[in-house]
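Let's take a friendly walk through this protein chain, from its overall build to a few of its side chains. Have the sequence and the structure open as you read.

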Amino acid sequence: QVQLVESGGGLVQPGGSLRLSCAASGSIFKINDMVWYRQAPGKQRELVAAITRGGTTNYADSVKGRFTISRDNAKLTVYLQMNSLKPEDTAVYYCNADIMKYSLARGDYWGQGTQVTVSS
């Protein structure tokens, strides 16, 4: 069984920083793309940042220059460093990963989400 567990969310003032982590566990052979999404109340889920196994990154225009995605393949973990946070960054942040298990079965997995609230 594969699990993704996010951590690091919380309440922060505008201009502050948070670092989210998402750790994968289970019978994992390889993790391909890892992605952070977010969903604000009343809005659709949107892609925030993505990173390939080789380290190529992609960001939503709204977070470019403020957020940095990184990963540690040995630890099966992806990170999202969020700086200069704005109230509009408030959302539930979800981790997503394309995972191949030792059985060679491949699937798309989601974490449970972590709340980020930016408010004074």
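This is a predicted model: local features need pLDDT of at least 70, side-chain atom pairs count only at pLDDT 80 or more; totals for chains, interfaces and linings use all residues.

## Overall build

Along the principal axes, the C-alpha atoms of the protein chain fill a box of roughly 50 × 25 × 25 Å.

What about secondary structure? The protein chain has eleven strands and zero helices, so reading from the N terminus gives β-β-β-β-β-β-β-β-β-β-β.

## Inside and outside

Of the 120 residues in the protein chain, 42% are buried. The protein chain exposes about 6,300 Å², and 47% of this comes from carbon and sulfur atoms.

## A buried residue: Ile99

Ile99 sits in strand β9, which covers residues 91-101. Is Ile99 buried or exposed? Its relative accessible area is 0%, so Ile99 is buried, the cut-off being under 20%.

Beyond its neighbours within four places in sequence, Ile99 is in contact with several residues, including Val2, Leu4, Ile28, Lys30 and Ile31. Ala105, Arg106, Gly107 and Tyr109 are also among its contacts. The C-alpha atoms of Ile99 and Ala23 are separated by 12 Å, and these two residues are 76 apart along the chain.

## Two aromatic pairs

How many aromatic pairs does a search of the whole structure find? There are two. In one, the ring centres of Phe29 and Tyr102 are 5.8 Å apart and the planes stand at 65 degrees, so this pair is edge-to-face. Phe29 belongs to strand β4 and Tyr102 to the loop between β9 and β10 (106-110), so the pair ties together parts 73 residues apart in sequence. Phe29 is partly exposed at 46% relative accessibility, while Tyr102, at 56%, counts as exposed.

Tyr37 and Trp110 also form an aromatic pair, a tilted one, with 5.0 Å from centre to centre and 45 degrees between the planes. Because Tyr37 lies in strand β4 and Trp110 in strand β10, this pair ties together parts that are 73 residues apart in sequence. Trp110 has 36% relative accessibility and so counts as partly exposed.

## A nonpolar patch

Back to Phe29, which is in strand β4 (residues 28-39). Together with Tyr102 and Leu104, Phe29 forms a nonpolar patch on the surface, and the three have about 370 Å² of accessible area together.

Definitions and conventions: Residues are numbered from 1 along each chain as its sequence is written. Side-chain values use heavy atoms; hydrogens and water are left out. Patches are made of residues with over 30% relative accessible area and no salt bridge: like charges are joined within 9 Å, nonpolar side chains (Val, Leu, Ile, Met, Phe, Trp, Tyr) within 5 Å. Accessible areas come from the Shrake-Rupley method with a 1.4 Å probe; for residues, only the protein chains shown count as cover. A salt bridge is a side-chain nitrogen of Lys or Arg within 4 Å of a carboxyl oxygen of Asp or Glu. Helices (H or I, at least four residues) and strands (E, at least two) are DSSP runs, numbered from the N terminus. Buried means under 20% relative accessible area, exposed over 50%, partly exposed in between (1.4 Å probe, protein chains only). Contact means heavy atoms within 4.5 Å. Rings of Phe, Tyr and Trp (its six-membered ring) pair if their centres lie within 6.5 Å; planes under 30 degrees apart count as stacked, over 60 as edge-to-face and the rest as tilted.
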